[in-house]
Amino acid sequence: MTAQKLIRYLEDRGSVCCGYLFDRYTCAGLVPFHDGKALVREAFEEKSPLVFISAAGIAVRLIAPLVRDKRWDSPVLVIDPQGQYVIPILSGHIGGANALARCLAEALGAKAILTTATDAQGRFAVDTFAAQHDCAIDDMRAAKEIAVRALTGAPVRIWADPQVRDLFPELRDTRNETCGRKQAEEAAAYEMAQTPDGADVVISMKTAGAGDAGALRLVPRRLVAGVGCRRGAGKDDILSAIRDTLQEQQFDLRALCALTSIDRKEDEPGMREAAGALGVPFLTFPAATLAQVPGSVSASAFVQDVTGVDNVCERSALTSGTKLLIQKTVKRHVTVAAALTDFEFLLFGGTTEGKELVEFLEQTHRRSLVLVATPYGAEVLPSGLKYVRVLVGRQDAPQMEKLFEITRPRCVIDATHPYAERVSAAIRAAAVKTGRRVIRVKREETPEIKGAAYFSDAARAAAFLSRTDGNILLTTGSKDLPVYAGVRDAKERLYARVLPHSVQAAREAGIREEHILAAEGPFTMEENVRAIRGCGARFLVTKDSGAPGGMAEKVRAAEVSGCALLVIRRPREDAPDAVSVSRCQEVLRDM
């Protein structure tokens, strides 16, 4: 069935998709419904894409009362019941219906019927370009005039402010073809103008200048505002400070993509209301994270005493920005700074694979934001990074979603630990919601070890150990220590090797102080043997961490020491597109 095939295709690529069927019929995997109007209205309210597998007239009658503006309408497509044709009928450019039509047609082996004039003739569509790059369009009527110019065969002249030019790699050539598609029969669709004078389209976060009068302005939403304020500051004061600061520095308010601050301001109603009024997300960071931001800032001893960090506005802007464009500006009881966010990639690391990819991104000069959960994850990375920014701290799914929305990376790289299932699930969920591509980097499989006992999780290993006698050396990290605390005679039998920063977690799990081995790996076979013999362990418990986790050295140490080896199996890798480090590097190089 066409609907089922499309749902499988989209879900395999990480999209959230739901199929519906009139309740007079039944079909596995499709949700029955009775009120089609209510279903379509809900989709429009959420700006969700709608795909009708029906006659076009049915779709038109259902969406007609809801259509209001091409900038806000949901993308709507119609597919004939035989799955031969895919036709976008609403929001083809800005909403992305044309791009989705091509995607679904490929999945079905069908033909995409594109009726928008620029697509039909293979010409440059400025509204599609703006949507792809998240730019505000200054004047929709001017955009239509640009489309008419393109249809006459004349190339559109574009000038991009040097401040944001790197955000548009396809504009680096002086002449290019429509949206980067190499079609020999097409004439050049646009030209790069050397100055704003005489340009048809000007791309800039700045307010209009004398040189670009008459041009269509595209405003990239790439300005992150860092804000500090006194407790209880009101929405109006915060909004006024932001607007006045941007106006003084000649920045267009529409360039704003986020408000950021210290986590002490997370519950400030004025901050949240100001972000809501501006239509941007509000994201906060702990003082420890802000303190790690590199570069010089306008330090304040008073702010340091109150918040634990010497500057709030500049540092919070730079947590998700690459370059400070507006320095600390004081407006009554509010401070404002702003930074450009132009990261190409977001990498979740803290593993050997993550370290390799950080080195690759730095060597290839790719502006990237790397997120690691612990200070140790940052310490093992190369020092003096110029192109890679590192943030320390755990992110939950809502925080990830805001960060993806703010930075708009070309893709998100998940190089977290094979056992960090919840983190990987959160990354993928946030990426799906924000339309970001995810590359999951997998660790190479380890052949099953002869003589080792395998368990699916820590609870089953702990249940087995409760039926045994003898000391136990745990090398599985601190997260599962509370599970092993339930082992019979745990106080006497359990020894745990953990990272120095996890000693407190081991104490809280009930491990005796003298049974905690604080050390940083990787460990040699000899070091493992000394640890086993030092605590008289009869059992060595490890995760299947592969070569990066020193698995071979643990196996050999267990053999030498005559110690039984218990292995917690890796979670099943669900990501269908998981790749090796080397393959990930190839993909990034191609991008």
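**Legends to the views of the predicted model**

**View 1. Overall fold of the protein chain.** Of the contacts in the protein chain between residues at least 6 apart in sequence, 62% join residues at least 24 apart. The model shown is predicted. The chain contains 23 helices and 28 strands. Its radius of gyration is 28 Å, close to the 25 Å that the globule rule gives for 591 residues, so the chain is as compact as a globular protein of that length. Along the principal axes, the C-alpha atoms fill a box of roughly 85 × 65 × 45 Å. Buried residues account for 50% of the 591 residues. The chain exposes about 28100 Å², of which carbon and sulfur atoms supply 50%.

**View 2. The open sheet of five strands.** The strand order is β15-β14-β13-β17-β16, and the pairing is mixed. Strands β15 (282-285) and β16 (323-331) stand at the edges; each has a single partner strand, so one side of each is left without a neighbour in the sheet. From one strand to the next, the twist averages 25°. Strands of a sheet pair through backbone hydrogen bonds, in either the parallel or the antiparallel sense.

**View 3. Pairing of β13 with β17.** Strand β13 (residues 223-229) pairs with strand β17 (residues 334-340) over seven bridges, in the antiparallel sense. Within this pair, C229 stands opposite V334 of β17.

**View 4. Helices α8 and α9 across the sheet.** Helix α8 (residues 235-248) lies across β13, β14 (256-262), β16 and β17. The angle between α8 and β16 is about 125°. Helix α9 (residues 269-278) lies across β13, β14 and β15, and runs at about 175° to β14.

**View 5. Surroundings of R366.** Residue R366 is placed in the loop between α13 (352-363) and β19 (368-372). With a relative accessible area of 13%, R366 falls under the 20% limit and is therefore buried. A polar atom of the R366 side chain lies 3.2 Å from the backbone oxygen of L588. Leaving aside residues up to four places away in sequence, R366 touches E344, F345, L361, Y387, V388, R410, L588, R589 and M591.

Definitions and conventions: Residues numbered from 1 in each chain as written. Predicted model: local features only at pLDDT ≥ 70, side-chain atom pairs only at ≥ 80, totals over all residues. Heavy atoms only, no water. Pairing = 2+ DSSP bridges. Helix = DSSP H or I, 4+ residues; strand = E, 2+ residues; numbered from the N terminus. Axes fitted to C-alpha atoms, helices over the stretch in contact; angles between N-to-C directions. Contact = heavy atoms within 4.5 Å. Buried < 20%, exposed > 50% of the residue type's maximum accessible area, 1.4 Å probe, protein only. Polar contact = N/O pair within 3.5 Å; in protein donor to acceptor, adjacent residues only side chain to side chain. Rg over C-alpha atoms; globule rule 2.2 N^0.38 Å. Areas by Shrake-Rupley, 256 points an atom, 1.4 Å probe, with all protein chains shown as cover.
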